[in-house]
Amino acid sequence: MTRHLLPIALAAAVAFPALASAADTQPPPRIIVSGEGEATVAPDMAILSLSVMREAKSAREALDANNDAMAAVITAMKSAGIADRDLQTAGIQINPRYNYTNKADGSQEAQLVAYQVTNTLSVRVRNVDKTGEILDKAVSLGVNQGGGITFTNDDPKATITEARKKAVADAMAKAKTLAEAAGVSLGKVLEITDQNVAPVPMPMAAKSFDAARSAVPAQAGENSYNVQVTVTFELK
């Protein structure tokens, strides 16, 4: 071999093992599918949003009146069996209220009429059968705004686990169908990705309350929990 061809021969000797090594490290054929699972369960907890609004000529008077009304509501909640940990102040707002008068020049004149104070209380009711009774009691004691109700679950882990199993089974069934249609076989599972759980609580809402004449009817229904997974299979 001539001297000038020697470097070329050495380069080829190095390149061929490298190409063989690259071929050996190519990832195996694979298929990626998604699956979805859903499981339902009856709610075991209701979350109420109760607001007391009071109005007076001064902010101080409005706040004092609101404090008295909300204190009575909180006392009633505790007497109905609601624990301290299930009572939480969600917000207090103090807003002036104005009357606007149109002037001859097209502008408006604002006149302060009163101050409005709104105190919102979040209440977790762990016995959903008492939801209507507690709501009725709160309205009787001065709750006159809010009224949002969400039925949820204190510990939905078992239901979410059931939904996950269904999601994986759904993904495997899809993968088998696709593999059979393509004339290949499924190999081992290479990766499973669990997507965020999407709980779907049952919401109810009311803009305002009138004086209640009887216990408020409240239907809890059931909650649905959805899980999505992505599964990667090796193909044979």
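**View 1. T131 sits buried in helix 3.** T131 has a relative accessible area of 0%, so T131 is buried (buried means under 20% relative accessible area, exposed over 50%, and partly exposed in between, with a 1.4 Å probe and protein chains only). This residue belongs to helix 3, which covers residues 131-140. Helices (H or I, at least four residues) and strands (E, at least two) are DSSP runs, numbered from the N terminus. A polar atom of the T131 side chain lies 2.8 Å from the backbone oxygen of V128. Please keep in mind that this is a predicted model, in which local features need pLDDT of at least 70 and side-chain atom pairs count only at pLDDT 80 or more, while totals for chains, interfaces and linings use all residues. Residues are numbered from 1 along each chain as its sequence is written, and side-chain values use heavy atoms, with hydrogens and water left out.

**View 2. Helix 3 is largely enclosed by the rest of the structure.** Why is helix 3 described as largely enclosed? Seven of its 10 residues are buried. These are T131, G132, I134, L135, D136, A138 and V139. E133 is also found in helix 3, but E133 counts as partly exposed because its relative accessibility is 40%. To find E133 from another part of the chain, look for A80: the two are 53 residues apart in sequence, and their C-alpha atoms are separated by 9.1 Å. After helix 3 comes G142, which has a positive phi, near 125°.

View 3. T152 is part of strand 5, residues 145-152. Is T152 buried or exposed? With 16% relative accessibility, T152 counts as buried. Once neighbours within four places in sequence are set aside, T152 is in contact with P43, D44, M45, I47, N223 and Y225. Contact here means heavy atoms within 4.5 Å.

**View 4. A nonpolar patch on the surface holds Y98, Y100 and L112.** Together these residues have about 310 Å² of accessible area. Such areas come from the Shrake-Rupley method with a 1.4 Å probe, and for residues only the protein chains shown count as cover. Patches are made of residues with over 30% relative accessible area and no salt bridge; like charges are joined within 9 Å, and nonpolar side chains (Val, Leu, Ile, Met, Phe, Trp, Tyr) within 5 Å. A salt bridge is a side-chain nitrogen of Lys or Arg within 4 Å of a carboxyl oxygen of Asp or Glu. Y98 lies in strand 3, residues 87-102, and is partly exposed, with a relative accessible area of 37%.

View 5. Helix 4 has 26 residues, 157-182, and at 1.5 Å a residue should span 38 Å; its end C-alpha atoms are 37 Å apart, which agrees. The expected span is 1.5 Å times one less than the number of residues. Which residues of helix 4 are buried? They are T159, I160, A163, A167, A171, A175 and A179. These buried residues pack against strand 1 (30-41), strand 6 (186-194) and strand 9 (223-235). G183 follows helix 4, with a positive phi near 75°.

**View 6. The whole protein, for orientation.** The protein has four helices and nine strands, and 30% of its 236 residues count as buried. Its accessible surface comes to about 14,600 Å², with 54% of that belonging to carbon and sulfur atoms.

Notes: Polar contact = N/O pair within 3.5 Å; in protein donor to acceptor, adjacent residues only side chain to side chain.
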